[in-house]
Number of protein chains: 2
Amino acid sequence: MSRKRIVVALVAAVAMTAFPIAARAAEPLDPAASDPVAMGWMRGAPPPVDKRVTAQDGGHLQFPRTRWSFSHMREMLPSRRVPAAPPPASRLPTALRADLDAVTFTPMGGGASMTWAQAMQATYADGMIVLHRGRVVYERYYGVTTARTPHILFSVTKSFVGTLVECLIADGVIDENALLSRYVPELAMSGFGDATIRQTLDMTTALDFSEAYTDPRADIARLAIASGAVPAPPNYPGPRTIDDFLPTVPKKGEHGRVFTYRSANTEALGWVVARVTGRNVADLISERLLAPMGAEQDGDMLVDSSGAPMAAGGLNLTLRDLARFGELMRNKGRMGGKQIVPERIVDKIAAGGDKTAFAAASYATLPGWSYKSQWWISHDSHGAYMARGVHGQALYVDPKAEMVIARFASHPVAGNVANDPISLPAYRAMADALASGKRR
Amino acid sequence: MSRKRIVVALVAAVAMTAFPIAARAAEPLDPAASDPVAMGWMRGAPPPVDKRVTAQDGGHLQFPRTRWSFSHMREMLPSRRVPAAPPPASRLPTALRADLDAVTFTPMGGGASMTWAQAMQATYADGMIVLHRGRVVYERYYGVTTARTPHILFSVTKSFVGTLVECLIADGVIDENALLSRYVPELAMSGFGDATIRQTLDMTTALDFSEAYTDPRADIARLAIASGAVPAPPNYPGPRTIDDFLPTVPKKGEHGRVFTYRSANTEALGWVVARVTGRNVADLISERLLAPMGAEQDGDMLVDSSGAPMAAGGLNLTLRDLARFGELMRNKGRMGGKQIVPERIVDKIAAGGDKTAFAAASYATLPGWSYKSQWWISHDSHGAYMARGVHGQALYVDPKAEMVIARFASHPVAGNVANDPISLPAYRAMADALASGKRR
């Protein structure tokens, strides 16, 4: 098949499967109208054909079906169990505050002030939890999502993988200055061939890989097919596993200069971890992070057809377990009296990366930020840092305010630029409200 | 597409996907040679191509890959969480006996006597647990299966569904004498149209549905494609969900006369349950059976592309949780001081069904047995009864010996006739050994 025909087939396939189509919808339904309970997805036996959500036609990644599917990924795709801790789970004491819905802030760019409650609705939240000094002060679930629902984290997964890789570096199992190809020779001829582990962790690799979710011809769409997240079109000639895909990524430019967000980096790290440890990132995230920190419910990791976890975005956890990970980071790697992640790793992440390299990526909503070891660092006066996933997934750690926020969402736009102008000021306003000690 | 072309396409597809091929292998590897660890399935990053197990090519149901896949189904197919009990799980006290491997018996048909240990090996066991008076006296795992591994139960699932339906009948939610089509009008024109719930539960429906696992043209192969357990061939014109498949099953003969084992009956019951309760059998098995009995680990239920659970064979549980279900039955529905299943239901099942109707099915290894509410009843002097799954899955309840046996297996032959001549005498010998109180 010629290159042109491959592209045509791919465009047709992705258009059919609609992977990145959500972001292109001109007038997506508003949060209330798109409520997944109101829309009646997957109800009835069988559900009416027009109310089904399935990966077979790619509808599972198409808004507004996403408002249901993000809480039901394993029912549509193969997944691996990510074991929680043996019971009992770590305690997550609750001291709910009814006044926090009234926290007020001004969105980026000015305009009318909003309340926290309005912000949740406006950003298509599926669940929101706020911890202050380790106690749950706010916890809400929306639509089809409950406290027991593993929800897809998308790229928040990367921060688990980044933290895990830092642990393996601290163990001396991985050398951050080594070339990736030292561990995975299959990548020697690819764009990753002369990139270091550190560059890959910090996403300063220079690759010919487009992450544009709105472009069906982007490489991220090919990766989605390779990973099994979206169905391959008939006779699709491209790679059918993540590890078949990665060697096809070419180099473009010089490594180590500028930050460019590319999911392929995290998948490559997943391969390194698997090769070095003989285990996979799903098992290691369980053993090194979730189980020691006392997660209360098994997670689900989406896997490709060779069994490889989708390291860049395949983890599904409950919101409380995601919040526990934030609390682990806020406590400098300690929880339940155990040092689970070395303190110096948390300090290194919180200190952030190269702001100049980051600025080159021109994120309008993230001025002065940086990226370090698969985390997003604000460099604000609170030292806040985040794990961020497409469609609004977030884990926000504010050390100064002693606050952790975890959010699930199914925003119609495949990019945080759509919710950051509301979310980021809201998170800071919540931090200020909690730090002030005042009640409304 | 003409009927002939459909058949040709289907044969080609099933040959490709190899669903029932296992049983046709002339010389399957012996248990030691087919050990999944020794064979190295899915090891390495990525696994060598010839060592992969995936549903995409149907290899997941092909022996000897089955020795790995039966313990990893959710990693290849969509599944739904079947919640266990909130911790702590019910206690399963352990009093292991080292002497039981030496229990000796003579296989059906005579020949040399065997030991229990030899029997386990000869029947390709993946796990085996024996409870005596509620205590674990024997527990072994083989190959890639561990105490924490949900293993596919195949048709042992049916006995969970049958027990659940009996509970719903006892609740007055389902009338066992009603026609199936009263609950599911979509089945009115099918072979199920004038069958009663009772006939369907006891599999005395008269349907034109072949369960022959060794025939790629059999209806069970079409059901497997509809359920998503095996991939549909390109342009496959047949039903793509279980509920699309069931109305295509014609009648053949008179209902209520003879027992004929057909998985379609259980899938139809699953549809009735979903229609009547507005819930699905996976959730109800959790709520009515697994959670109240104190199951220790979430199960996985395979689902079709409309989200419908595979009621005839899609449940995956750990061996200890399967054993708990046997213990629940042995204790006449009571566990942990609670009456979870009404005693009269257990009594009705244990009393068995119509032996004459059963004899018509001519099971060589099950003389004098009957079938009741999705359970197999031996009518032996111990009153033993079983849940039975293809490839050797078993839950054996021996009330007189106060014994429960749960077994996982990946026997190369898709039919219990291949292991019954060893398994059934072995189970009885174990019962006798335990009941005698003597130690070896």
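**Figure 1. Packing of helices α5(B) and α10(B) in the predicted model**. In chain B, helix α5 (residues 156-170) packs with helix α10 (residues 263-277) at an angle of about 40 degrees, and their axes are 10 Å apart. Angles under 35 degrees count as roughly parallel and those from 65 to 115 as roughly perpendicular; α5(B) and α10(B) are therefore oblique to each other. The crossing in which α5(B) passes α10(B) is left-handed.

**Figure 2. Residues of the contact between α5(B) and α10(B)**. Helix α5(B) contributes Lys158(B), Val161(B), Leu164(B), Val165(B) and Leu168(B). From α10(B), the contact takes in Thr266(B), Leu269(B), Gly270(B), Val273(B) and Val276(B). By class, the residues of this contact comprise 7 nonpolar, 2 polar and 1 charged.

**Figure 3. The side of chain A that touches chain B**. Contacts between the chains involve 28 residues of chain A and 28 residues of chain B. In chain A, β1 (79-82) and α10 (263-277) each provide at least two residues of this side. The largest share, 3 residues, belongs to α10(A). The side of chain A that touches chain B consists of 14 nonpolar, 7 polar and 7 charged residues. For the complex, the predictor reports an ipTM of 0.92 and a pTM of 0.94.

**Figure 4. Residues 1-25 of chain A**. Chain A has a mean pLDDT of 93, with 94% of its residues at 70 or more. Over residues 1-25 of chain A, however, the pLDDT is below 50. This stretch has 52 contacts in the model beyond near neighbours in sequence.

Key:
Residues are numbered from 1 along each chain as its sequence is written. Chains are lettered from A and ligands numbered from 1 in the order in which they are written. This is a predicted model: local features need pLDDT of at least 70, side-chain atom pairs count only at pLDDT 80 or more; totals for chains, interfaces and linings use all residues. Axes are lines fitted to C-alpha atoms, for helices over the stretch in contact, and angles run from 0 to 180 degrees between N-to-C directions. Helices (H or I, at least four residues) and strands (E, at least two) are DSSP runs, numbered from the N terminus. Angles under 35 degrees count as roughly parallel, over 145 as roughly antiparallel, 65 to 115 as roughly perpendicular and the rest as oblique. A crossing is left-handed if the near helix is turned anticlockwise from the far one by less than a right angle, and right-handed if clockwise. Two residues are in contact if their C-beta atoms, placed from the backbone, lie within 7 Å. Ala, Val, Leu, Ile, Met, Phe, Trp, Tyr, Cys and Pro count as nonpolar, Asp, Glu, Lys and Arg as charged, and the others, Gly among them, as polar. pLDDT is the predictor's confidence in each residue, from 0 to 100.
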